[in-house]
Amino acid sequence: MSRLLSASIETLSGVGGARKAAYARLGIHVVRDLLYHFPRAYENRGDVRPLTDASMDAYAEGGAKMATVMTVSTEPRRARLKNRMTLLKFRAVDDRSNTVCEISFFNQDYLHSTFTVGATFRFYGKVECRRGTYSMTAPAFEPYVEGIDLPPLYPVYPLTQGISNKLITTHIGQILPVVTAQTEDPLPEEIRAAEGLCTLGYALREIHAPTDFEALHTAKRRLAFDEFYRFALAMGTLGHTARRTGAPVCRVDDATLQQFLDSLPYALTGAQRRAVEDVRRDMASDTSMNRMLVGDVGCGKTVCAAAAIYVAVKSGRQAALMAPTSILAAQHAADLIPQFESLGIRAALLTGHTTAAQKRKIYETLASADPATRLDVIIGTQALLSEGVRFAAPALVVTDEQHRFGVNQRATLSEKNGNAHLLVMSATPIPRTLALVMYGDLDVSRINEMPPGRQRVDTFVVDESYRARLDAFIRKNTAEGGQVYVVCPAVEEREEDERDDALIPLFADFGGDALAMAEIPHETPLKAAVQYAAELAERLPELTVAFVHGQMKPAEKDKVMGDFAAGKIHVLVSTTVIEVGVNVPNACLMLVENAERFGLSQLHQLRGRVGRGTRKSYCVLIRGGGGDAAKARLEVMRTTYDGYQIAEQDLIQRGPGDFLASSEGSGIRQSGGMRLAERWSDPALMDRAFSYARALLEDDPDLRSHPELRAEIERMYADAGHILN
């Protein structure tokens, strides 16, 4: 069976070179990949309705698809159209409502013999109703026999050019009966029994070809558990930083540390002082420090990191600070280098923009054996991981915005710096259970106080009806000298809307009467940064409007962000790339379009981009749809300002997707596949999966006694690097 699963996708009928390349674009290379290519949604063909329901607003206005049973009443007629297309047309009758529907197919003459008079089918598609006349064009259809149930749910897969839904369904149908009957289950039997989980074979069969809603839910629960379990095992074995003895002892007395504190233009908060003492105590040991500073945007993590750097340098050693973007690294350099120089500490900036000559000088002075001339501190981006960077006396590595770095990068930093102490910073307050798995090797210092004078950002939730007032509010704030962020969920508008409101998403909760589940609420189109910026510039011609997004070249992004920080831009329209961005004290208004599409923790991060100066600041969340659930989620943002409370609510309401994104740099999320787990909104299942994983690793850290599970982890996370040794 393992041979079948590892066989090339070319072994399936009809897959040649072109289709192999198309499948590769979906990440499907072998049969196993296809088996784990889950549907993105399901057509609810089991919700059979009378044809007359097509006149209801829910169907007529949105043109939503529906299922109906009809009997062919006229012989199909064929016609040739001017554009060389052919048309096949016939009538069918819905006996329940005694209503006639005209059905048409283009370029499908071969169906002429299928639709014989008197044959009954279940049709699924859009029904148009004009002046009491019903019609369907190219509906899906299945022969219908009274008393024989047809599958209620039809899978809809993620596609790419050259791969149709029918093709995937056909290929899944080829392998599913064989694979699900013989698939070995890597999950220990005692765990499966304790959790009441179905077998892996059953889960794979029902995720692709559900018998009913209950069976689909059972399958999703098992597969989500597997994803959590594998993720926890991977995070527990891949790339976690080992605590090494022989780390450089960095110890300063109270008087020396006070010199640093006296150089600051403000007094530290109690939480900052506790964090500094945590770091100071760790660095005084010969066991390498692995500590994370966690706190909301603006709580003062960087000054605590600066204190740690000061301790390292005053102990005769060197330190490095790595930030995720050039602009953020440059900002750290602008803030810290003058402060360090005032204390007699030599520091420099190293990014992709650093000239070759400057790099050579930095490399030389970093590696210098002479303490009198060598560089004490290097601030930079991932350029710090390059081959040329060599430290003469490394003692401390600091990473900013930890959630933007993966376990591979942490491992590389640790390897490059031997037994150096590690301090990481994160503004994402991660719920405890997730933190234990993702950063279980790190001690945590929580900075839960804001510096004096830091304002609370007033938060409002509005809808599209406020558009004119929002433009006026932008004018008011910019006229008073402030600046504005506008965050959009998309980069550019799609040429056509890919949503189909009749589909049931893979992530839907099938509680209660599934067939009577509420319609998916209509939503406004996603606002896109590029088009939005152009429209806003047209509506507000007196303002300078610019946009920035993740698909731009780094130099372009840095230029725009730099101009915004310098006050040359009034309104910056962006995707969430500014979630981690420069400190702009003058920014006083944050607008988030389609706010219901963002996680609460993301919104909290975005809100932290304003209110950093003396201006009264506001965050306006603009809701484009989402129904009552979206209203409730955004109400949490309006009324709650504690990052940890928000994170816990996000985990309960939305699932751990935003937090699992923290592993993105590691390759784990992409390689391992977290499609179900990241949207699973029952934290209890995640907690138990993580607990089982921790217990297993305590007894069998290398999974030597669980070869099937070990092979599964290695296969799923092969691209992450630092695989089980």
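Visitor: Which ring does the charged end of R45 sit over, and at what distance from its centre?

Guide: This is a predicted model, and side-chain atom pairs count only at pLDDT 80 or more. A charge sits over a ring if CZ of Arg is within 6 Å of the ring centre and within 35 degrees of the ring normal. The charged end of R45 meets this with the ring of Y154, at 3.8 Å from the centre.

Visitor: Which residue lies over the face of Y466?

Guide: The distance to the ring centre of Y466 is 4.0 Å. The cut-off for a charge over a ring is 6 Å. The residue in that position is R469.

Visitor: How are the rings of F105 and F115 arranged: stacked or edge-to-face?

Guide: A search of the whole structure finds 17 aromatic pairs. In the pair of F105 and F115, the centres are 5.6 Å apart and the planes make an angle of 20°. Planes under 30 degrees apart count as stacked, over 60 as edge-to-face. The pair F105 and F115 is therefore stacked.

Visitor: Where in the chain do F105 and F115 lie, and are they buried or exposed?

Guide: F105 is in strand β5 (residues 99–106), while F115 is in the loop between β5 and β6 (120–130), 10 residues apart. The relative accessible area is 1% for F105 and 0% for F115. Buried means under 20%, so both F105 and F115 are buried.

Visitor: Why does the pair of F225 and Y229 count as stacked, and what separates the two residues along the helix?

Guide: The ring centres of F225 and Y229 are 6.0 Å apart with the planes at 20°, so the pair is stacked. F225 and Y229 are both buried. They are four residues apart in helix α8 (residues 213–237), and therefore separated by about one helical turn.

Visitor: Which residues does I175 contact beyond its neighbours within four places in sequence?

Guide: I175 lies in helix α5 (residues 165–182). I175 is buried, at a relative accessible area of 4%. L4 is 171 residues away from I175 in sequence but 8.9 Å away in space, C-alpha to C-alpha. The contacts of I175 beyond those neighbours are L12, V31, L34 and L35.

Visitor: Which element gives the largest share of the lining of the second largest pocket?

Guide: The second largest pocket has a volume of about 960 Å³. Of its 37 lining residues, the closest to the centre are Y266, G298, G300, N583 and R612. The elements giving two or more residues to this lining are α11 (301–314) and α12 (326–342). The largest share, six residues, comes from α12.

Visitor: How many residues in the lining of the second largest pocket are charged?

Guide: By class, this lining has 16 nonpolar and 14 polar residues. The charged residues number seven.

Visitor: Why is helix α19 described as largely enclosed, and which of its residues are buried?

Guide: Eight of the eight residues of α19 (residues 600–607) are buried, so the helix is largely enclosed by the rest of the structure. In the protein, buried residues make up 52% of the 725 residues. Those of α19 are L600, S601, Q602, L603, H604, Q605, L606 and R607.

Notes:
Residues numbered from 1 in each chain as written. Predicted model: local features only at pLDDT ≥ 70, side-chain atom pairs only at ≥ 80, totals over all residues. Heavy atoms only, no water. Phe/Tyr/Trp six-rings, centres within 6.5 Å; stacked < 30°, edge-to-face > 60°. Buried < 20%, exposed > 50% of the residue type's maximum accessible area, 1.4 Å probe, protein only. Contact = heavy atoms within 4.5 Å. 1 Å grid on protein atoms, 1.4 Å probe; cavity = no way out; pocket = protein on both sides within 12 Å on 5 of 7 lines; lining within 4 Å. Points joined across faces, edges and corners; volume = space filled by probe spheres on them. Nonpolar A, V, L, I, M, F, W, Y, C, P; charged D, E, K, R; others polar.
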